[in-house]
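I opened the file and kept notes on what I looked up. The entries follow in the order I made them.

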Protein chains: 2
Amino acid sequence: MGGAILVLSGPSGAGKSTIIESASGKIGDYYFSISTTTREPREGERDGVDYHFVSKEEFKEDIKAGAFLEYAIVHGNYYGTSLNPIKEALKSGKLVIFDIDIQGHRLVRAKIGDIVTSVFITPPTLSELERRLYSRSTDKKSIIENRIKNAKEEIKAISEFDFVIINDEIERASNEFATISNASRLKLSKHELEKLILNWENS
Amino acid sequence: MGGAILVLSGPSGAGKSTIIESASGKIGDYYFSISTTTREPREGERDGVDYHFVSKEEFKEDIKAGAFLEYAIVHGNYYGTSLNPIKEALKSGKLVIFDIDIQGHRLVRAKIGDIVTSVFITPPTLSELERRLYSRSTDKKSIIENRIKNAKEEIKAISEFDFVIINDEIERASNEFATISNASRLKLSKHELEKLILNWENS
């Protein structure tokens, strides 16, 4: 069946990376797509791990070259998803996982919706999100407050997603994630469906 | 998360019931919805197993009473899916499985699309379908020919389904079916999504 694309969204603090790590033994070979951005790295962020950090010039050249699946400008900074590593991963039958925001999800769905399965991951409640962000984070209060503000907006978009995982218990959440990931690999693209119909008719 | 609805379609001879049986230990508690029809039972068909066989009067009364999730008239015979047993099964958290045709799938999707996951099951090729139908069946040649004619039409509708399972190897096909079934249980209905958003905002 080849590869598949899984879009993950949800407030920071929802536990997305913990869920992926915890499910990694159960979902086969996957490629975690890292976004490219022109914004400055924050404390503790590493190039090639959290983001690919590039200059605005580089980013604009890449746009011209058609290198992005989707990109957006947020607070004057560019954020984008590079196409090439995704194509490579899909070719080798990997599950490609994106961690993008709800805008990114809309763009990806509009472009390649037929091979995308999307999952929104959320803590059970807003107060639990606040607790997690304040207890774990070394971020400034203003950044945390901004994340909470964003989360309030994001939650309104959950009906746009194929699945919602409520991360109140990591074991269950990661099992749910594994089940959804494995099902997403079984989704056929339009291209594969056409081939199937053709083979069928000519058999 | 409660129950979920899984719609199965595909030509007769695709191996739908074999796949369900073979996956039954891996998909949790499920209820297999049996259609109601006014047509005469064929040789070997049993009431309450293959269909609920009823009279046209009974069927029309049930229509008036709003007892069907969907119904259709094919070659002068009524076929329908009763609502009540489905509601009961969903309430008790069961996965409800329908085996209906592509028309039925369209009707169900239009009515309760938000809680439906649909799967089209097909043999790998038309010639393999012919082989299976002729080798196993006690049916008349005209009936088999009709089934093959129908299958040629049905295959054109596969892009309307969430998933397609190619049943060339029962072990793999039944594993795929189990994965899809378990993922379908994780789909939230609009109602559940609304509740989630409300809880979130009031937390």
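I started with helix H4 of chain A, residues 102-112, in this predicted model. H4(A) lies across E5 and E6 of chain A. Relative to E5(A), H4(A) runs at about 150°.

Next I looked up the sheet that holds these strands. In chain A, 4 strands form an open sheet in the order E4-E3-E6-E5, and the pairing is mixed. Strands E4 (52-53) and E5 (68-74) of chain A stand at the edges with a single partner strand each, so one side of each has no neighbour in the sheet. I then checked E3 (residues 36-37) against E6 (residues 77-82) in chain A: they pair in the antiparallel sense over 2 bridges. A:Thr36 has A:Gly80 as its bridge partner in E6(A).

I turned to the contact between the chains. I found 24 residues of chain A in contact with 24 residues of chain B. On the chain A side, H5 (126-136), E9 (163-166), H7 (170-184) and H8 (190-201) each supply at least two residues. H8(A) gives the most, with 6 residues. I noted the make-up of this side of chain A as 13 nonpolar, 7 polar and 4 charged residues.

Then I looked at the largest nonpolar core, which has 84 residues. Among those with the most contacts inside this core are A:Val119 and B:Val119. Leaving out residues up to four places away in sequence, I listed what A:Val119 touches, including A:Leu6, A:Phe161 and A:Ile180.

Last, I checked the scores. Chain A averages a pLDDT of 90, and 98% of the residues score at least 70. For the model I wrote down ipTM 0.82 and pTM 0.86.

Key. Residues are numbered from 1 along each chain as its sequence is written. Chains are lettered from A and ligands numbered from 1 in the order in which they are written. This is a predicted model: local features need pLDDT of at least 70, side-chain atom pairs count only at pLDDT 80 or more; totals for chains, interfaces and linings use all residues. Two residues are in contact if their C-beta atoms, placed from the backbone, lie within 7 Å. Ala, Val, Leu, Ile, Met, Phe, Trp, Tyr, Cys and Pro count as nonpolar, Asp, Glu, Lys and Arg as charged, and the others, Gly among them, as polar. A nonpolar core is a set of buried Ala, Val, Leu, Ile, Met, Phe, Trp, Tyr and Cys residues joined through C-beta atoms within 7 Å. A residue is buried if 20 or more other C-beta atoms lie within 10 Å of its own, exposed if 12 or fewer, and partly exposed in between; C-beta atoms are placed from the backbone. pLDDT is the predictor's confidence in each residue, from 0 to 100. Two strands pair if DSSP finds at least two bridges between them. Axes are lines fitted to C-alpha atoms, for helices over the stretch in contact, and angles run from 0 to 180 degrees between N-to-C directions.
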